[in-house]
Amino acid sequence: MSGGKGGRSNTETTMPKFAETALQQGIGMASDVSALGYTPYYGPDVAAFSPQQQAAFQGTNQMADAFGMPSASGQQYMPQATTMGGMTGYSSGDGFDAAVGELANRRPGQAEYLESFTIDPMTGEPGSRAGVNQPVALEMSGGRRGK
């Protein structure tokens, strides 16, 4: 048996003010960034055929036509390529927009719910469920708990 006195020891650890401020700022920034939502890429996703490749296709078709063989002459099987920033290619941007529109047509409630978490891409206004519209007090204890 020990002859010690009864009682408790309590050790409290507090966060330095600079770390508390940085943590609060980080959470605030994360809330803002989470409202951004998906940002589609509208530039070329896949490179278009070069002029040399197009000339090779045309030569192959002319040769096939000369020998009465089937060719792709006059058949356009690729959409019109677009040029942006010096790059020529094919973009999935229009297809993405069509898919988003189709979701809104077929499942309007789900589309509206998804949009409520992010900003309006045209106005920049946050959706009703965006973090900025869901206030949460970011208070650190800085001392004793329960006060």
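Q: Which residue forms a salt bridge with Arg-106, and how far apart are the closest N and O atoms?
A: Glu-102 does, with the closest N and O atoms 2.6 Å apart. Keep in mind that this is a predicted model.

Q: Where do Arg-106 and Glu-102 lie?
A: Both are in helix α3, residues 93-106. They are four residues apart, about one turn of the helix.

Q: Is Arg-106 buried or exposed?
A: Arg-106 counts as exposed, at 66% relative accessibility.

Q: How many salt bridges does the count come to?
A: Two. Besides the Arg-106 pair, Lys-17 and Glu-20 meet through their side chains at 3.7 Å, N to O.

Q: What separates Glu-20 and Lys-17 along helix α1?
A: About one helical turn, because the two are three residues apart in that helix, which spans residues 17-34.

Q: And Glu-20, buried or exposed?
A: Buried: the relative accessible area of Glu-20 is 10%, and the cut-off is under 20%. Lys-17 counts as exposed, at 58% relative accessibility.

Q: Different topic. Which residues gather in the patch of negative charge on the surface?
A: Glu-112, Glu-115, Asp-120 and Glu-125.

Q: Where does Glu-125 lie?
A: In the segment after α4, the helix of residues 108-115.

Q: Why does Glu-125 count as exposed?
A: Because its relative accessibility is 53%, and exposed means over 50%.

Terms used
Residues are numbered from 1 along each chain as its sequence is written. This is a predicted model: local features need pLDDT of at least 70, side-chain atom pairs count only at pLDDT 80 or more; totals for chains, interfaces and linings use all residues. Side-chain values use heavy atoms; hydrogens and water are left out. Patches are made of residues with over 30% relative accessible area and no salt bridge: like charges are joined within 9 Å, nonpolar side chains (Val, Leu, Ile, Met, Phe, Trp, Tyr) within 5 Å. Accessible areas come from the Shrake-Rupley method with a 1.4 Å probe; for residues, only the protein chains shown count as cover. A salt bridge is a side-chain nitrogen of Lys or Arg within 4 Å of a carboxyl oxygen of Asp or Glu. Lys and Arg count as positive and Asp and Glu as negative; His and the chain ends are not counted. The place of a charge is taken as NZ of Lys, CZ of Arg, CG of Asp or CD of Glu. Buried means under 20% relative accessible area, exposed over 50%, partly exposed in between (1.4 Å probe, protein chains only).
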